[in-house]
Amino acid sequence: MGPFETVAKGKKKAMRSIILSTAARFLMPMILLFSAFLLLRGHNLPGGGFVGGLIAAAAFGLYLLAFDVQETRRLLRIDPRTLVGLGLLVVLGSGLTGWFKGKPFLTALWGRYRLTGFLHIEIGTPLIFDAGIYLVVLGSAMTMLLALAEED
Amino acid sequence: MEILMALVVGGLYGTGVYLLLRPTPVKVIIGLAILTNAVNLLIFTAARLTRGHPPIVEETLGRPSYPIADPVPQALVLTAIVIAFGVLAFTLVLFRRAAETTEADNLDEMRTTDT
Amino acid sequence: MISLPALPILIPFGTASLCLISLKRPRLQRLAAVLGAVAHLICALALLTATCRQGYLVLQAGDWPAPFGISLVADLFSSLMITLAAITGTAITFYALAGIDSGRESFGFYPFLHLLLMGVCGCFLAGDLFNLYVWFEVMLMASFILLALGGERGQLEGGVKYVILNLVASAFFLTALGILYGLVGTLNMADIARHLQTAEQSGLVSALAMLFLVAFGIKAALFPLFSWLPASYHTPPVAVSAVFAGLLTKVGVYALVRAFTLLFIRDISFTHELILVLAAMTMLTGVLGAVCQDGFRRILSFHIISQVGYMIMGLGIFTPLALAGTVFYIVHHIIVKTNLFLVSGVAHKLRSTEDLNRLGGFLSTAPFLSILFLIPALSLAGLPPLSGFWAKFFLIWASFEEKRYLIGALGLLVGALTLISMTKIWLKAFWGTVPAAHPERHAHQKKLPPGKTALFYLPMISLALLTLTIGLWPGLLFELAQQAASQLLDPNRYIQAVLGVTL
C-alpha cells in the first residue's frame with residue numbers, strides 16, 4: 001500500500017487548485033438549481049426525484065473534490081444518513097395521504113390551486129413522493145461518496 | 001434481429017459464467033456485471049423487439065392509433081439495472097475489504113469459514 | 001381497513017427510517033426499533049385474524065386495477081408467514097438490545113434489521129413476480145449489509161460466498177421472469193396462472209418451472225445449491241444469524257410453494273416428483289453434513305438445510321394433508337430454529353467460544369439455559385409432545401397415505417439423525433464438566449452484562465413457550481394449516497380474489 005498512499009497524498013495536494021475551488025463555488029448553486037428544476041418537471045416529462053437527487057449529489061461531489069470532507073459535511077449541515085431517513089419518511093407520508101382519504105395506499109391525489117390572477121398550479125402527492133426520493137438518493141449517494149473520501 | 005440478439009445474449013451468458021468461475025475477485029465482479037447485462041438483454045428480447053412510440057396516449061383519443069412500445073419490459077430492465085448497480089457497488093466494497101483483511105487476491109484462499 | 005395488507009410492509013419501513021434519523025441517539029433508536037417491532041407484531045396478528053375471517057385480502061396499490069398495477073395479496077399462508085416474521089423480528093429486536101455491540105448499533109443494525117423484515121414481508125405479500133423480485137432484492141441488500149456489518153474476517157469471507165450465490169440466484173430469477181413475460185405477456189401471478197392453465201407450449205413451461213426451481217432453490221438452500229449457507233450463517237453476531245436462520249431460507253420455501261401450487265401445476269408427474277427427489281437429498285445431505293461439525297452454530301446451520309427438505313417434501317407429495325404439514329412445519333421450524341440460535345448466542349457470551357470441544361458443563365453452571373436449549377432441540381428432533389413431533393407426524397402420515405413409503409421412512413431416519421446431533425451438542429456443551437483448558441474453570445464463567453439478563457432470556461422463554469403451546473395444543477394451528485393448504489390447492493380462488501374473474 002506504501003507507494004499508493006504517497007501518490008494519493010501528492011494528488012490530493014495538487015487537487016486543491018484555485019481554479020477548481022472558485023469554479024465549484026460558482027457552479028454549485030447552478031447545479032443545485034438545475035436538480036430542483038428536474039425534480040419539479042419530473043412527473044410528465046423526463047426528470048424526477050431520482051435524476052434530481054443524483055445531480056444534487058454530483059454538485060456536492062464537485063464540492064468534495066474542490067475542498068475536503070469536513071467542508072462538504074459542513075455545507076450539507078445534516079448527516080447524509082439522516083437525509084435518507086427523512087426522505088423515506090416523506091415517501092411514506094405521500095403514500096399514506098391517499099389512505100387517509102379512504103383510497104388504497106399510494107393512490108395519487110391532485111389539487112389545483114390559484115396563485116395570483118389566472119396563474120394556477122397543480123400539485124399532487126407524486127411530487128411529494130419524488131421529493132422523498134430526491135432526499136433518499138442525495139443522502140445515500142453522499143453517504144457513499146463521503147465514506148470513500150474519508151477512507152483515503 | 002431476434003437471432004442476432006439471441007446470439008449476443010448467449011455469448012454474454014457464457015462470458016459471465018466463465019468469469020464467475022475464475023478465482024480472481026475482480027474477474028468475478030466483471031462476470032457478475034456481464035451476467036446482469038445479459039439478463040437485461042434477454043428480458044428485452046424475450047418481450048418482443050418492437051419499434052413503436054412511447055406508450056403515452058392523448059386524453060381525448062382514449063386508445064393509441066399507432067403501434068406503441070411495451071413499457072413493462074422497459075420498467076423491468078430499468079429497475080433491474082438500478083438494483084444491479086447498487087448490489088455491484090456493494091459487492092465491490094465487500095470484495096475489497098475481504099481482500100484487504102485476508103491479504104489474498106484469490107477467492108480460493110478465503111476458506112476459513114468453509115465446512 | 002382497506003390498506004391492511006400494506007401495513008406489514010409500511011411499519012418496518014417507517015421504523016427503519018425513524019431509526020436512521022436517530023442513528024446518533026442510541027436510546028431513541030432502540031425505543032423506535034422496539035416500538036416498531038411490537039407494532040409490526042400487532043398488525044401481523046390483525047392481518048391473520050382478518051384473513052381467517054375473509055379468506056383473501058387484496059390491495060391494489062395506487063388504485064390501479066389488477067393485472068396493471070401492484071397487487072398485494074394476503075391469503076392464509078402469507079399472513080401466517082408474516083405473523084412468524086413479526087414474531088421473529090420482535091424476538092430479535094429485544095435480544096439485540098442486549099446482544100449487539102454499540103459499534104454495530106451506530107452503524108445501522110436496527111434500520112437494516114427492519115428493512116430486512118420489510119423485504120421479507122414484501123415477498124410474502126407480493127401479488128406479482130416482478131414485485132417478488134424487487135422485495136427479494138430489498139431483503140438481500142439488507143441481509144448483505146447485516147452479514148458484513150462489523151467487518152470481521154469470517155464475516156467477509158462468508159459474505160463473499162453468500163453474495164455471489166445469491167446474485168446468481170437473482171440472475172436466474174430474472175431470466176425466468178423475462179422468458180415468462182415473453183410467453184404470457186403479464187407478470188401478475190394470478191394472471192400468469194390463468195394463462196398457463198391454457199397455454200400450449202408445455203416444454204417451455206417445464207423449462208421455466210426448472211429455472212424458477214433453481215432460482216428459489218438457491219435461496220431456500222435446496223440440495224445441490226446450499227453451499228453458501230453453512231459457509232456464512234455462523235459468522236455474523238448471533239442476533240443476525242438467528243434472524244437469517246429463522247426467515248431467509250423460508251422466503252425461498254415460500255416462493256417455491258407459491259410457484260408450484262399456483263403457476264406450475266399442469267405437469268405434476270414431472271415437477272413435483274423432482275421436488276420430492278430434491279427434498280430427499282436435501283434432508284439427507286443436511287443432516288449428514290451436521291454430523292462431522294464441531295461448532296454450535298455450524299451444526300445448527302446444517303440442520304436448517306435438512307429441515308428445508310422436510311418442508312419441500314410436503315410440496316412434492318402435493319396432497320391437502322401434505323401441504324398442511326408443510327405449513328405446520330414452517331411455523332414450527334421458524335420458532336424453534338430462531339430459539340436455538342439465540343441459545344447458542346448466550347452460550348457464546350458466557351464462554352466466548354462456539355467450539356463444542358471447548359464448551360461443557362452448562363448444566364451445572366447455567367441450568368436454566370440448559371432447559372431452554374432442551375425444549376427447542378428436542379422439538380427440532382421431533383420428540384413428542386413438542387411442536388416438531390406434530391410437524392413430522394403430519395408429513396410422514398401424508399407420505400404413507402400416498403403410499404410413498406421411501407420418503408416417509410427417510411423422514412423418520414433423518415429425524416433420528418437429528419436427535420443424534422442434538423444429543424451431541426447436549427453431551428459436549430451442557431453435560432460433562434467445564435473443560436480444563438478453560439481459563440474460567442473455577443470462576444464458573446463470565447457473567448452476562450449486568451441488567452441485560454432479562455433481555456437475553458425473555459425472547460428465548462417466549463419462543464420456548466410458543467413451541468410448548470403448539471406441541472400441547474396442535475389442533476388450532478393444524479386447523480389453520482389445513483385451511484391454508486386448501487387455499488393453496490385451489491388456484492381459482494386466488495385468481496378470483498385478485499382479478500375478480502373466474503376462468
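This is a predicted model: local features need pLDDT of at least 70, side-chain atom pairs count only at pLDDT 80 or more; totals for chains, interfaces and linings use all residues.
The C-alpha atoms of chain B fill a box of roughly 65 × 30 × 20 Å along the principal axes. The chain has 3 helices and 0 strands, giving the pattern α-α-α along the sequence. Buried residues account for 33% of its 115 residues. Among contacts between residues at least 6 apart in sequence, 54% bring together residues at least 24 apart.

The patch covers about 420 Å² and is built from Phe50(A), Val51(A), Leu54(A), Leu78(B) and Val82(B). Two elements give two or more residues each, namely helix H3 (49–66) of chain A and helix H3 (71–102) of chain B. The biggest share comes from H3(A), with 3 residues. Val51(A) sits in that chain A helix, H3, and counts as partly exposed because its relative accessibility is 36%.

Turning to charged pairs, the structure holds 16 salt bridges over all chains. In one of them, Arg73(A) pairs with Glu150(A), with the closest N and O atoms 3.0 Å apart. This pair ties together distant parts of the chain: Arg73(A) is in helix H4 (residues 69–76) of chain A and Glu150(A) in helix H6 (residues 125–151) of chain A, 77 residues apart. Both ends are partly exposed, Arg73(A) at 33% relative accessibility and Glu150(A) at 44%.

Another salt bridge runs between Lys24(C) and Asp79(A), at 3.4 Å between the closest N and O atoms. Lys24(C) lies in the loop between helix H1 (7–21) and helix H2 (26–54) of chain C, and Asp79(A) in the loop between H4 and helix H5 (80–100) of chain A, so this pair joins two chains. Lys24(C) is exposed, at 61% relative accessibility, whereas Asp79(A) is buried, at 13%.

Within chain C, Arg297(C) and Glu354(C) meet in a salt bridge of 2.6 Å, N to O. Arg297(C) belongs to helix H13 (residues 296–317) and Glu354(C) to the loop between helix H14 (320–351) and helix H15 (362–365), 57 residues apart. Both residues are buried. Elsewhere, salt bridges with shared partners join Arg73(A), Asp79(A), Arg81(A), Glu150(A) and Lys24(C) into one network.

Note on methods:
Residues are numbered from 1 along each chain as its sequence is written. Chains are lettered from A and ligands numbered from 1 in the order in which they are written. Side-chain values use heavy atoms; hydrogens and water are left out. Patches are made of residues with over 30% relative accessible area and no salt bridge: like charges are joined within 9 Å, nonpolar side chains (Val, Leu, Ile, Met, Phe, Trp, Tyr) within 5 Å. Accessible areas come from the Shrake-Rupley method with a 1.4 Å probe; for residues, only the protein chains shown count as cover. A salt bridge is a side-chain nitrogen of Lys or Arg within 4 Å of a carboxyl oxygen of Asp or Glu. Helices (H or I, at least four residues) and strands (E, at least two) are DSSP runs, numbered from the N terminus. Buried means under 20% relative accessible area, exposed over 50%, partly exposed in between (1.4 Å probe, protein chains only). Contact means heavy atoms within 4.5 Å.
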